[in-house]
Amino acid sequence: MTQEEEDEVIATLSDYLDGTLPTDTKPAVEAKLASDADYKRILGELKETTADKEISAVLKARKEPAPASFMQDVTETIHKRSAGRFFGRKTFGDRVPFSALLVVAVLGLVAIAYILWSSQTGSLRVDKRKTEGSSVEVVPKP
Amino acid sequence: MSELEQSLLRRLRERDERAFRELVEQHRDRVYNICYRMMGSRTEAEDVAQEVFIAVFKTIESFREESKFSTWLYRVSVNHCKNRIKYLARRHDRDRDELDENSAGVNGAVNGMPVRIAQPDRALEGIQMEELLREAVNSLDEEHRTVVVLRDIEDLSIEEICEITDLPDGTVKSRLHRARLALRKKLQKHGMS
């Protein structure tokens, strides 16, 4: 049996063990298993390796976490290589939180309103003399 | 693909640094673990894992969303590891050739010395199974190591491994079987398993 043929048999017998073999090919595989020594050997090996949970359990149990500094290292590498151009250009809104911008905007509006209110020439204050003066004749009658 | 994943991808395509940090945060342990098991060295694993994330961020446009994002990420990881293994093997061969040339020219007595320094600890009793397994996995060739790492360590399905390695189902199964047999043989040599 060549390696390619053996690979095919391994794949077929893996499916047979997993119960995923199509029903129409199952009788042919079982007939081969009854008569072919290679089929029997490979099935025996597959059963052993599939049942061998010890190796897999040890390998799974010892997962290796990334070093604590990984995030910092990878970000630094990117910044170094790209001289800071790797990431997209940040807008002003990305750098300063929206809530802070809102507070500054409200304070600014309040300040403008106060200045206008306290100003003699501001339009927010109602000048009573001006309203009364509207009935005063500016140009005396001859 | 979940809405969160879609949103993360969109932000990655916009080159958002915060999205990149989220990506690294979510996948760094798994990517690092794959690299560590493939490379067999923490230093190499860290370097390769960094390169994986940088490559993913650079080439995110080429991800066509035909598979799960994680599958694509692991594929990039495995390919980077394979490239690195090939590079290291080439460098090792070159260094060995140079060493052979130098030792032949300097003194004939040096030729009798082994190039690799023996590691006496390895043969001692009391070596943990984990250490033996790590060595056994490292001794597998790259093709067999890949399927063992993805299936027996990362617990990925055969379908996912087929997508990652771009191999047919039957080849993955046969490689997995051969790799497991080889691991068993190596452990049995040490009286384990």
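User: In this predicted model, how are H1(B) and H2(B) oriented to each other?

Analyst: In the predicted model, helix H1 (residues 3-13) of chain B and H2(B) pack at an angle of about 130°, with their axes 8 Å apart. Angles over 145 degrees count as roughly antiparallel and 65 to 115 as roughly perpendicular, with the rest counted as oblique. The orientation of H1(B) and H2(B) is therefore oblique.

User: Which residues of H2(B) make the contact with H1(B), and what is the handedness of the crossing?

Analyst: The crossing of H1(B) and H2(B) is left-handed. From H1(B), the contact is made by Leu8(B), Arg11(B) and Leu12(B). By class, the contact of H1(B) with H2(B) has five nonpolar, no polar and two charged residues. The residues contributed by H2(B) are Ala19(B), Phe20(B), Glu22(B) and Leu23(B).

User: On which residue is the kink in H2(B) centred?

Analyst: A straight helix of 23 residues would span 33 Å, but H2(B), residues 17-39, spans only 28 Å between its end C-alpha atoms. H2(B) has a kink of about 60°.

User: Which residue follows H2(B)?

Analyst: The residue that follows H2(B) has a positive phi, near 75°. That residue is Gly40(B).

User: Which residues of H8(B) meet H7(B)?

Analyst: Helix H7 (residues 158-165) of chain B and helix H8 (residues 169-189) of chain B pack at an angle of about 105°, with their axes 9 Å apart, and are therefore roughly perpendicular to each other. H7(B) contributes Ile158(B), Ile161(B), Cys162(B) and Thr165(B). The residues of this contact divide into four nonpolar, one polar and two charged. On the H8(B) side, they are Asp169(B), Val172(B) and Lys173(B).

User: How many nonpolar residues are on the side of chain A that touches chain B?

Analyst: In the contact between the chains, 29 residues of chain A meet 34 residues of chain B. The elements of chain A that give two or more residues to this side are helices H1 (3-18), H3 (37-51), H4 (53-61) and H5 (70-82). By class, this side of chain A has five polar and 10 charged residues, and the number of nonpolar residues is 14.

Conventions. Residues are numbered from 1 along each chain as its sequence is written. Chains are lettered from A and ligands numbered from 1 in the order in which they are written. This is a predicted model: local features need pLDDT of at least 70, side-chain atom pairs count only at pLDDT 80 or more; totals for chains, interfaces and linings use all residues. Helices (H or I, at least four residues) and strands (E, at least two) are DSSP runs, numbered from the N terminus. The expected span of a helix is 1.5 Å times one less than its number of residues. The bend at a residue is the angle between axes fitted to the seven residues ending there and the seven starting there. Two residues are in contact if their C-beta atoms, placed from the backbone, lie within 7 Å. Ala, Val, Leu, Ile, Met, Phe, Trp, Tyr, Cys and Pro count as nonpolar, Asp, Glu, Lys and Arg as charged, and the others, Gly among them, as polar. Axes are lines fitted to C-alpha atoms, for helices over the stretch in contact, and angles run from 0 to 180 degrees between N-to-C directions. Angles under 35 degrees count as roughly parallel, over 145 as roughly antiparallel, 65 to 115 as roughly perpendicular and the rest as oblique. A crossing is left-handed if the near helix is turned anticlockwise from the far one by less than a right angle, and right-handed if clockwise.
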